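Please read it alongside the sequence and the structure.

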Amino acid sequence: MMAGQFMLESLFVGTPTGDFEPGLAQSYELAPDLMSIAIKLNQGIKFHDGSDFNADVVKWWVAGLQGGPNGYMLDPAVVSDVKIVDEHTITLGLKSPFPNMLYNLSTGFSGIMSKAAYEKYG
């Protein structure tokens with residue numbers, strides 16, 4: 001196990017029955033064509049450094065999971081784009097239906113860190 005699994009929270013939490021419960025995300029809605037997922041984020045959350053958890057942070061984090069500065073977890077062949085709907089809602093566009101998306105967003109390896117702290121400390 002990775003130490004970050006115990007320090008960072010993810011958008012969703014997998015249950016022993018294979019379902020997914022809210023973590024940092026409040027809820028999600030799959031598009032009828034399964035080509036996007038709208039994710040409503042919990043409000044009022046702050047990182048340990050005092051910075052806000054919001055859609056901008058999640059968009060930055062997803063880019064990192066696609067091979068950017070902070071990770072490697074989401075294959076760029078899966079996510080086509082990330083749109084900020086409002087401060088607490090994002091939409092992940094998918095290149096094709098991807099049944100493991102919620103799983104990938106629930107693992108300890110997909111825990112979200114503070115963008116401000118990452119930019120300051122690396």
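The points below are grouped by topic.

The model is predicted. Its largest pocket holds about 280 Å³ of space, and the second largest pocket about 160 Å³. The structure also holds 3 aromatic pairs, two of which are described below.

**Pockets**

- The largest pocket, with about 280 Å³ of space, is lined by 15 residues, and the closest to its centre are Leu8, Phe47, His48, Ile112 and Met113.
- By class, 10 nonpolar, 3 polar and 2 charged residues make up the lining of the largest pocket.
- The second largest pocket is lined by Leu30, Leu34, Ile37, Leu94, Pro97, Phe98, Pro99, Met101 and Leu102.
- In the lining of the second largest pocket there are 9 nonpolar residues, with no polar and no charged ones.

**Aromatic pairs**

- A pair of aromatic rings is described by the distance of the centres and the angle of the planes.
- The structure has 3 such pairs. In one of them, phenylalanine 47 and phenylalanine 53 have ring centres 6.2 Å apart and planes at 75°, so the pair is edge-to-face.
- Phenylalanine 47 counts as buried because its relative accessibility is 16%, and phenylalanine 53 is likewise buried, at 2%.
- Tryptophan 60 and tyrosine 118 form a tilted pair, with 5.6 Å from centre to centre and 55° between the planes.
- Tryptophan 60 belongs to helix H1 (residues 55-65) and tyrosine 118 to helix H3, so this pair ties together parts that are 58 residues apart in sequence.
- Tryptophan 60 is buried, with a relative accessible area of 13%, whereas tyrosine 118 counts as partly exposed at 22% relative accessibility. The cut-off for buried is under 20% relative accessible area.

**Histidine 88**

- Histidine 88 sits in the loop between strand S5 (79-86) and strand S6 (89-94).
- Is histidine 88 buried or exposed? With 12% relative accessibility, histidine 88 counts as buried.
- Apart from neighbours within four places in sequence, histidine 88 is in contact with Ile39, Lys40, Leu41, Asn42, Gln43, Phe53 and Ala55. Among these contacts is Phe53, the residue whose ring pairs with that of phenylalanine 47.

**Tyrosine 121**

- Tyrosine 121 is part of helix H3 (residues 115-121), the helix that also holds tyrosine 118.
- The relative accessibility of tyrosine 121 is 65%, so tyrosine 121 counts as exposed.
- The side chains of tyrosine 121 and lysine 120 are joined by a polar contact of 3.4 Å.

Terms used: Residues numbered from 1 in each chain as written. Predicted model: local features only at pLDDT ≥ 70, side-chain atom pairs only at ≥ 80, totals over all residues. Heavy atoms only, no water. 1 Å grid on protein atoms, 1.4 Å probe; cavity = no way out; pocket = protein on both sides within 12 Å on 5 of 7 lines; lining within 4 Å. Points joined across faces, edges and corners; volume = space filled by probe spheres on them. Nonpolar A, V, L, I, M, F, W, Y, C, P; charged D, E, K, R; others polar. Helix = DSSP H or I, 4+ residues; strand = E, 2+ residues; numbered from the N terminus. Buried < 20%, exposed > 50% of the residue type's maximum accessible area, 1.4 Å probe, protein only. Contact = heavy atoms within 4.5 Å. Polar contact = N/O pair within 3.5 Å; in protein donor to acceptor, adjacent residues only side chain to side chain. Phe/Tyr/Trp six-rings, centres within 6.5 Å; stacked < 30°, edge-to-face > 60°.
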